[in-house]
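Grab a pencil and have a go at these exercises. Try each task on your own before you read the solution.

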Amino acid sequence: MHKIGYVLPAGFQVMALATQAVFEFANLVAGEPFYEVTCHSMPGGSVEASLGTVLQTRPFTARSTADTWMVVGVIDPLATPSPSDLLHALRKCSARARRTVGLCTGAFVLAEAGLLAGRRATTHWAYADALQQRHPDVQVEPDRIFIADDPIWTSAGMTAELDLALGLVEKDLGDDVARSVAHRLVMHQRRSGGQSQHSEILNLAPRSDRIARALEHARSHLAQPLGVEELAAAANLSPRQFSRVFTAETGQSPAKAVERLRVEAARLMIERSRHPLEVVARETGFRDRRHLREAFMRGFGKPPQSLRRDARLGS
């Protein structure tokens, strides 16, 4: 039996408990209790979730054992650092485990424990920059749904935790079981796209519906030229007024914002398809492969080919 232990801090994200349904249904599909799930906290006993729900837990110590540890995040990982005794216990337990997982902002706990040093990792898009700044020895990839850099796994925000849990089931029990679990839970076995589908527009943070409409129009028509006149028409503004309002609301020019959307769309195609770079460039609105490479160097500091290699290594 594969033992999965959840490490729950005070105020843990209640959404993380939904991942336990993935293991529950994996047991049902497999026809036997393959997974045993337990919940732990320091020092054990009652622990309150972000919503106020109280859960009974076992003590989490340096002697605790599990095959997979699932470290759950909190709503605001920047508020307070993790307790030193928790980090010590996590290092000891992780060394004996088969895998250690950081769910959403649980990646911060793994990073504080030194478990992400030199590794690729992801977290909720809203905190990805902070994770990178606080832990420069971690290769943060903010657009991934989840990353398996064995034996360390990390997920993006909230519902991406379910994707990661399903990925664990696929790793342990195979594709057929994972597909059946996904069907029963009415979810995709492998969700296409990354966090940037929504996070980039959210990062630009337009304050008005007009600018939001223009950005959504751009995201849906990236293969087109997307000049200021077209975006202004989508916002029902004159080109001059649109440029002024857009810059005031987002802090960027329309051209720069469109390039960001194009780069992230191209990145998704590169990571999740085998299309030649010429096709990726054409579909996302770049002039040619060279133009695509220049934009990637500005945006990511590495060429498209490097990102494709990284994606294949992490799959």
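**Exercise 1.** In which sense do E9 and E10 pair, and over how many bridges?

*Solution.* Before we start: this is a predicted model, where local features need pLDDT of at least 70, side-chain atom pairs count only at pLDDT 80 or more, and totals for chains, interfaces and linings use all residues. Residues are numbered from 1 along each chain as its sequence is written, and side-chain values use heavy atoms, with hydrogens and water left out.

Step 1: Helices (H or I, at least four residues) and strands (E, at least two) are DSSP runs, numbered from the N terminus. Two strands pair if DSSP finds at least two bridges between them.

Step 2: read off the pairing. E9 and E10 are antiparallel, with four bridges. Across this pair, Asp 149 sits opposite Ile 152 in E10.

Step 3: look at the loop that links them. Pro 151 is in the loop between E9 (146-149) and E10 (152-155), and the peptide bond from Asp 150 to Pro 151 is cis, with omega about 5°.

**Exercise 2.** What is the strand order of the open sheet, and which strands are at its edges?

*Solution.* Step 1: walk across the eight strands, and you get E3-E4-E2-E1-E5-E6-E10-E9, with mixed pairing.

Step 1: find the strands that pair on one side only; these are E3 and E9.

Step 2: On average, neighbouring strands are turned by 30° against each other, direction ignored. (Axes are lines fitted to C-alpha atoms, for helices over the stretch in contact, and angles run from 0 to 180 degrees between N-to-C directions.)

Step 3: H1 (residues 20-30) lies across E1 (2-7), E2 and E5 (68-72), and runs at about 155° to E2.

**Exercise 3.** Where is Thr 38, and is Thr 38 buried or exposed?

*Solution.* Step 1: find Thr 38 in strand E2.

Step 1: apply the cut-offs: buried means under 20% relative accessible area, exposed over 50%, partly exposed in between (1.4 Å probe, protein chains only). Thr 38 has 12% relative accessibility, so Thr 38 is buried.

Step 2: list the partners. Contact means heavy atoms within 4.5 Å. Leaving aside neighbours within four places in sequence, Thr 38 touches Ile 4, Gly 5, Tyr 6 and Arg 58.
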